[in-house]
Amino acid sequence: MKVANHNLEIDGIDKKILRTLMADARTPILEIARNVGISGAAIHQRLRKLEKSGLISGSKFVINPKVLGYNTMAFIGIHLDTAMSHSDVLKQLKKIPEILECHYSTGSWNVFIKILCKDNVHLMHLLEKEIQSIPGVSRTETFISLDQQIDRQISI
């Protein structure tokens, strides 16, 4: 398999390594080596190659937000007064820690964000006091997620 815009070739061994680490990034290298049938040093070398190519970019722990009291996930479409206000609006949105993702988009909204709040009262506060008050934001449309039913990465 060739990776788009790169001359990187990933073979079956690379795919096995990636699938294992995507399922659990804490899997020990020696366990992966045993399962794949190559040395731990070879696993390290392949991982360095994949990181250097940009295909993988580190690993992270996933925090369960519900344990911290964040129970409301929402998506907000933001319509801007003008496209010129995009960079100024983005600077203000970056200051709001509850915003997890921000996308410059086509369609009905100029910007589409994913936001995590403790509850609907918290969401309403952020909408009214933080987001809708940003100069350049003309209107918003909010969609509350009732339940995330698919959570995955691209398959390898």
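Helices and strands here are DSSP runs, numbered from the N terminus. I'm working from a predicted model.

**Entry 1: Ser-85.** I looked up where Ser-85 sits: it is in the loop between strand S1 (72-80) and helix H4 (86-93). Is Ser-85 buried or exposed? Its relative accessibility is 11%, so Ser-85 counts as buried, the cut-off being under 20%. Next I checked its side chain, which has a polar atom 2.7 Å from the backbone oxygen of Thr-82. With neighbours within four places in sequence left aside, I get Leu-80 and Gly-136 as the contacts of Ser-85.

**Entry 2: H1 against H3.** From H1, the contact uses Ile-13, Asp-14, Ile-17, Leu-18 and Leu-21; from H3 come Ile-43, Arg-46, Leu-47, Lys-49 and Leu-50. I sorted the residues of this contact by type and got seven nonpolar, three charged and no polar.

**Entry 3: H2.** Which residues of helix H2 (residues 29-36) are buried? I find Ile-32, Ala-33 and Val-36. They span an arc of only 100 degrees around the axis, so they lie on the same side of H2. The buried residues of H2 pack against H1 and H3. On the other side of H2 I see Leu-30, Arg-34 and Asn-35 exposed.

Key:
Residues numbered from 1 in each chain as written. Predicted model: local features only at pLDDT ≥ 70, side-chain atom pairs only at ≥ 80, totals over all residues. Heavy atoms only, no water. Contact = heavy atoms within 4.5 Å. Helix = DSSP H or I, 4+ residues; strand = E, 2+ residues; numbered from the N terminus. Nonpolar A, V, L, I, M, F, W, Y, C, P; charged D, E, K, R; others polar. Buried < 20%, exposed > 50% of the residue type's maximum accessible area, 1.4 Å probe, protein only. Arc of directions from axis to C-beta. Polar contact = N/O pair within 3.5 Å; in protein donor to acceptor, adjacent residues only side chain to side chain.
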